[in-house]
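The following exercises concern a single protein chain.

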Amino acid sequence: MPEPASPAPLTQALHTVARIGPFFAVRTDPPGPAGPRAEGYVPLAEVYAAGPPAVDRLEAAPPALRHRYTTVARRLGTDELRVAASLSFQGLAGRLWSLAVGCAALTGQVPNLEPRRLWWHPEHSAPRELWLPDATRDPVGPVDPAPAPDLAERVRAAVIDQHLAPLHRVAAAASGLSGALLWGNAGSALAGALGVLRGWLHAPPKPGDGSTTEDREAATARARTLARDLFATEPLRSTGHWSPGPRPTFRRSTCCLYYRVPGGGLCGDCVLPRVPGR
């Protein structure tokens, strides 16, 4: 009886990254005969395709994005779609950063997150929100022995160039949110992903983790290099600043509007000193 085929290297890498937490996870199982669309998923390339100009901003947004905004607004109990649009952007940015940065830090490689092949469900949350149904066809090269100088550029191309820049254009047009606020959400999402990654790398390994002390030290060095290089240039350089110290914290230069959600408050990295009007 033949041995079962082993998972492709990319699938193995993504399964390793998923141990960090649900935001770092992505579906990699093959789709059924009807494909991912039968389960309500759409390729992110469709989410970034703006429609023709419309009197109503929201009507110009792709259907999946409108669906996401109304779903988030309903769940948060708010009728302000711009608040839902802001938090939706930050949530998707966090998922994309987590996948790319987590894989880059742990393996020294960046997964192929091309928008035509990465599928998104406007109603799901992590970890089943994103799906790479053909991940088993992708190879991942050998682990870089040290933080590669161009690792941040590869992450930037995978996340900002392919995803956040087109999503920024569509979200700003559909919601009326300022570009600075949306990029601030992207910076905050990256800082959050790096914080979770840092905490996981410094925690005692769990049984069956498979990572050695040397592995974690190398991943920590790569994560530190990524944080420095990604925030060194625009559009992230203006999104906030890092406090110095062994456990640096990020303070953003904008507000994501979460305080406008019923029962909401200020996020830990918010630029505002207190909730407006209180």
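**Exercise 1: the loop holding His-124**

His-124 is found in the loop that runs from β2 (119–120) to β3 (130–131); helices (H or I, at least four residues) and strands (E, at least two) are DSSP runs, numbered from the N terminus. The model is predicted: local features need pLDDT of at least 70, side-chain atom pairs count only at pLDDT 80 or more, and totals for chains, interfaces and linings use all residues. Residues are numbered from 1 along each chain as its sequence is written, and side-chain values use heavy atoms, with hydrogens and water left out.

Task: Determine which residues His-124 touches, not counting residues up to four places away in sequence.

Solution. Step 1: classify the accessibility. His-124 counts as partly exposed because its relative accessibility is 28%; buried means under 20% relative accessible area, exposed over 50%, and partly exposed in between (1.4 Å probe, protein chains only).
Step 1: list the contacts (heavy atoms within 4.5 Å). Beyond four places in sequence, His-124 touches Tyr-41, Arg-68 and Glu-129.
Step 2: examine one partner. Tyr-41 is 83 residues from His-124 along the chain, and their C-alpha atoms are 9.4 Å apart.

**Exercise 2: two packed helices**

Task: State at what angle helix α3 and helix α4 pack, and which residues meet.

Solution. Step 1: recall the description. Two packed helices are described by the angle between their axes and the distance between the axes.
Step 1: apply it. Helix α3 (residues 63–76) packs against helix α4 (residues 81–107) at about 105°, the axes being 8 Å apart. Therefore α3 is roughly perpendicular to α4. Axes are lines fitted to C-alpha atoms, for helices over the stretch in contact, and angles run from 0 to 180 degrees between N-to-C directions; under 35 degrees counts as roughly parallel, over 145 as roughly antiparallel, 65 to 115 as roughly perpendicular and the rest as oblique.
Step 2: identify the residues. From α3, Arg-68, Tyr-69, Thr-70, Val-72, Ala-73 and Leu-76 meet Leu-81, Ala-84, Ala-85, Leu-87 and Ser-88 of α4.

**Exercise 3: a buried arginine**

Solution. Step 1: locate the residue. Arg-252 belongs to strand β5 (residues 250–252).
Step 1: look for a charged partner. Arg-252 is buried and has no salt bridge, that is, a side-chain nitrogen of Lys or Arg within 4 Å of a carboxyl oxygen of Asp or Glu. Asp-269, the nearest side chain of opposite charge, is 5.0 Å away; Lys and Arg count as positive and Asp and Glu as negative, while His and the chain ends are not counted.

**Exercise 4: Ile-20**

Task: Decide whether Ile-20 is buried or exposed, and find which residues it touches.

Solution. Step 1: Ile-20 sits in the loop between α1 (9–18) and β1 (42–43). Step 2: its relative accessible area is 10%, so Ile-20 is buried. Step 3: not counting residues up to four places away in sequence, Ile-20 touches Leu-106, Val-196, Leu-197 and Trp-200.
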